[in-house]
Amino acid sequence: MTDAVTRWLLRHAAVILTCSVAVELIVTARWAAMRDLRVYYLAAPEVLSGHLYNFRLFSPEPGAQQLAFTYPPFAALVFLPLSALPWRLALVVWHAVSLGAVALLVRGSFRLLPRESQLPDGSPGRAHVALWTAAALWLEPVQHGLGLGQAGLLVATLALVSTTWRSPALAGAGVGVAAGIKLTPAAFGIYLLARRKWAAAGWSALVFVGTAVVAGLTLPKQSLRFWKHHVADAERVGLVGSLENQSLRGCLARLLGHDAGLLNPYWWATLLLFAVLTGTALRTAIRRGDALALLIAVQLFALLACPISWSHHWIWAVAAMVWLAYGPARTTRLSRVSLACWTLAAGGWLVQLLRQADDAFTAIASSVPLPIAVAAAAYPACAAVTLAAIARTPTQPQVTRPRQPRVGMTGPREAPLE
């Protein structure tokens with residue numbers, strides 16, 4: 001992209017973001033199903049009757065899976081006030097907050113960039129955040145999650161923003177509450193430990209346990225049922241072999257023709273390879289003091305290792321693309337290849353296109369043709385290249401010109417890794 005085009009885009013960033021949001025609202029109003037939001041809205045009151053985990057959202061669509069409430073009981077307590085609102089008002093409030101979360105996710109990613117990273121005109125400002133937010137709205141993980149009314153975007157952004165706060169108690173509390181709602185943000189605890197933020201990591205664990213205790217005291221039977229029977233039941237969440245499941249286990253299920261399971265040697269071998277690659281990436285990020293690369297490596301490995309990681313869970317593609325575009329490895333071939341892969345996979349909606357070609361969401365894994373099964377490993381492949389790009393980043397920071405004052409970015413920037 002030429003400097004002239006870049007300057008034009010930055011000058012008109014506010015208009016571009018406004019147009020992008022307007023189109024997104026039209027698309028959401030016309031086509032979004034908001035199935036996940038309906039589950040939160042309708043299932044949360046069931047905590048009062050004791051039937052939270054008996055709830056099913058029935059869809060009139062032929063072959064559609066009946067959706068259950070799959071989060072910890074603490075999440076139902078959090079969603080309960082939402083259920084007190086009229087449905088249309090709850091939908092508007094939820095979607096507005098979700099759109100704001102996209103902007104915060106982009107802004108947080110920029111703030112975590114290492115200090116020697118460069119942007120076209122110096123430091124990240126409101127224009128950069130606005131442009132990337134406008135584009136991020138149309139990446140498949142983000143737009144698909146918005147259309148479903150998913151909570152993943154909100155809890156992930158809560159955890160990310162919390163880790164940038166100076167107070168260890170507040171930083172840990174945000175991560176703990178996010179993990180108490182949807183478990184997967186618990187991976188931020190690894191990030192805090194790698195940052196040597198011991199107090200924040202301790203607070204996150206304490207608050208997470210506190211959410212389980214609060215739910216256990218108020219909803220003892222439902223809490224026992226979740227932690228004893230449902231927490232590790234992947235099939236209750238959805239079909240492991242679905243094309244939308246972009247975890248290692250999902251990819252292996254489609255390639256092997258059956259669910260490999262957590263005890264299968266193929267799964268362990270693949271997981272070990274990614275663990276080694278992730279460990280190398282983490283070591284490089286820690287040596288360089290690259291907080292954003294560290295966060296990306298932790299989150300990508302968590303998505304790969306989970307039994308089910310739906311395509312809309314891969315919102316960390318946004319942070320990965322910011323790092324690949326502006327991070328210390330931005331000029332390397334591997335980084336450029338990785339950025340192109342994310343653009344094609346997430347920007348081109350590859351997973352959803354493959355699903356249209358072979359609708360495996362309600363089919364068994366053995367029905368997926370091999371070419372589609374290979375192509376459907378899109379996000380894990382992008383993750384592998386990104387982890388390799390982080391691992392291959394030069395150990396010594398590049399010498400760059402002094403950074404210009406940041407315009408429009410309020411609040412303190414994250415300190416480098418200790």
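Start by selecting residues 378–391, which form helix α21. This helix has 14 residues and reaches 20 Å from its first C-alpha to its last, close to the 20 Å expected at 1.5 Å a residue. Keep in mind as you look around that this is a predicted model.

Now show what surrounds the helix. Because 11 of the 14 residues of α21 are buried, the helix is largely enclosed by the rest of the structure. Among the buried ones are Tyr379, Pro380, Cys382, Leu387 and Ile390.

Next, head for the largest nonpolar core, which has 103 residues. Select Phe69, Phe79, Trp316, Trp323 and Trp342: these touch the most other members. In soluble globular proteins, nonpolar side chains tend to be buried together.

Zoom in on Trp316. Which residues is tryptophan 316 in contact with, leaving aside its neighbours within four places in sequence? They are Leu105, Ala156, Leu160, Phe188, Leu295, Gln299 and Leu303.

There is also a second, separate core, made of six residues. To find it, pick Leu243, Val368, Ile372 and Ala376, which are included in it.

Tyr266 sits in helix α15, residues 265–288. Is tyrosine 266 buried or exposed? Its relative accessibility is 52%, so Tyr266 counts as exposed, the cut-off being over 50%.

Terms used. Residues numbered from 1 in each chain as written. Predicted model: local features only at pLDDT ≥ 70, side-chain atom pairs only at ≥ 80, totals over all residues. Heavy atoms only, no water. Helix = DSSP H or I, 4+ residues; strand = E, 2+ residues; numbered from the N terminus. Expected span 1.5 Å × (residues − 1). Buried < 20%, exposed > 50% of the residue type's maximum accessible area, 1.4 Å probe, protein only. Core = buried A, V, L, I, M, F, W, Y, C linked by side-chain atoms within 4.5 Å. Contact = heavy atoms within 4.5 Å.
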